[in-house]
Amino acid sequence: VTCNAPTPTPTPPPLLSQETGLLRGRVLDEKTSLGLEKADITLSTPTLKLVFSATSNSDGNFTFANLPPGEYNLLVQREGWLEKYRFVSIQAALETYLEIQLVAKPGQIQGQLTYSVADAFPLQIQLKDLQGLLVESLTLEEEGKYHFKNVVPGDYKLIVLSQGTPLMTKSITLQSGAILQQDLNPSVPDNPPSASPTPQPT
């Protein structure tokens, strides 16, 4: 009986050799230090003779293996984030590690505020973070349009006030690079409670 020898499993090529270098890195959110996945990383020589590309994984990690030694330009791009350039020097038989922090593109919050009580104007609209810190405040006339520019992405509260009295609060979330349209229509404030009737003598 002839027995066939098992087929050997091919050995993957080494990531690093005596003639090439290795570049590992991680793409991070500058604000939270969490890894950013699906970032596009381009590594190229200054003359663009050699161009390599990779995409960060779910932890923000990426790898370029078997790189010829030399100087490279690194470009990191991700939708909704400001791109980042780095200069990298690769040496033979050595591993280089980089952490690249990306900054989310600022967004905008705009809308129309409608309020039926004409003598309540001018109204004030405040933008506060979830800790209650004031980010920006606007005074609105009767046309009621408002626009917050260059707002860092995150969770906020929009507060509408008339003569310092809050009329409504709206929780919002602003995404990276987004223009959030948020129209507001606060309800008419409740009438102040009437005084309790004076008890009649029995």
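Biologist: How do strand 9 and strand 10 pair, parallel or antiparallel?
Modeller: Antiparallel. In this predicted model, strand 9 and strand 10 (residues 134-140) share six bridges.

Biologist: How many residues sit between them?
Modeller: Four. Strand 9 and strand 10 form a hairpin with four residues between them. Look at glycine 132 in the turn: its phi is positive, about 85°.

Biologist: What about the other partner, strand 12? How many bridges join it to strand 9?
Modeller: Seven bridges join strand 9 to strand 12 (residues 154-162). These two strands run antiparallel.

Biologist: Is strand 9 mostly covered or mostly open?
Modeller: Mostly covered. Strand 9 covers residues 123-129, and five of its seven residues are buried.

Biologist: Let's zoom out. How many helices and strands does the protein have?
Modeller: Zero helices and 14 strands. Read from the N terminus, the elements run β-β-β-β-β-β-β-β-β-β-β-β-β-β.

Biologist: And what share of the residues is buried?
Modeller: Of the 202 residues of the protein, 31% count as buried.

Biologist: Do strand 1 and strand 7 run parallel or antiparallel?
Modeller: Parallel. Strand 1 (residues 21-29) pairs with strand 7 over eight bridges. As an example, valine 27 has isoleucine 100 as its bridge partner in strand 7.

Biologist: Where is leucine 98?
Modeller: Leucine 98 is in strand 7 too.

Biologist: Why does leucine 98 count as buried?
Modeller: Because its relative accessibility is 9%, and buried means under 20%.

Biologist: How far is leucine 98 from phenylalanine 62?
Modeller: Their C-alpha atoms are separated by 9.8 Å. Along the chain, the two are 36 residues apart.

Biologist: Now strand 2. How many bridges does it share with strand 3?
Modeller: Five, in the antiparallel sense. Aspartate 40 stands opposite threonine 55 in strand 3.

Biologist: What's in the turn between those two?
Modeller: Strand 2 and strand 3 form a hairpin with six residues between them. Leucine 48 is in the turn, with a positive phi of about 65°.

Biologist: How does strand 2 run against strand 5?
Modeller: Antiparallel, with five bridges joining them. Serine 44 stands opposite asparagine 73 in strand 5.

Biologist: Where is lysine 38?
Modeller: In the loop between strand 1 and strand 2 (40-44). Lysine 38 counts as exposed because its relative accessibility is 60%, and the cut-off for exposed is over 50%.

Biologist: How far is lysine 38 from alanine 54?
Modeller: They are 9.3 Å apart in space, C-alpha to C-alpha. In sequence they are 16 residues apart.

Biologist: On to the rings. How many aromatic pairs are there?
Modeller: Three aromatic pairs. One of them is phenylalanine 52 with tyrosine 72. That pair is tilted: 6.4 Å centre to centre, with 55° between the planes.

Biologist: Which strands does that pair link?
Modeller: Phenylalanine 52 is in strand 3 (residues 51-55), and tyrosine 72 is in strand 5 (residues 70-77). The pair links distant parts of the chain, 20 residues apart.

Biologist: Is tyrosine 72 buried or exposed?
Modeller: Buried, because its relative accessibility is 1%. Phenylalanine 52 is at 25%, so it counts as partly exposed.

Biologist: Last one: what is the volume of the largest pocket?
Modeller: About 180 Å³.

Biologist: Which residues line it?
Modeller: Among them are Asp29, Lys31, Trp81, Leu102, Pro153 and Ser176.

Methods
Residues numbered from 1 in each chain as written. Predicted model: local features only at pLDDT ≥ 70, side-chain atom pairs only at ≥ 80, totals over all residues. Heavy atoms only, no water. Pairing = 2+ DSSP bridges. 1 Å grid on protein atoms, 1.4 Å probe; cavity = no way out; pocket = protein on both sides within 12 Å on 5 of 7 lines; lining within 4 Å. Points joined across faces, edges and corners; volume = space filled by probe spheres on them. Phe/Tyr/Trp six-rings, centres within 6.5 Å; stacked < 30°, edge-to-face > 60°. Buried < 20%, exposed > 50% of the residue type's maximum accessible area, 1.4 Å probe, protein only.
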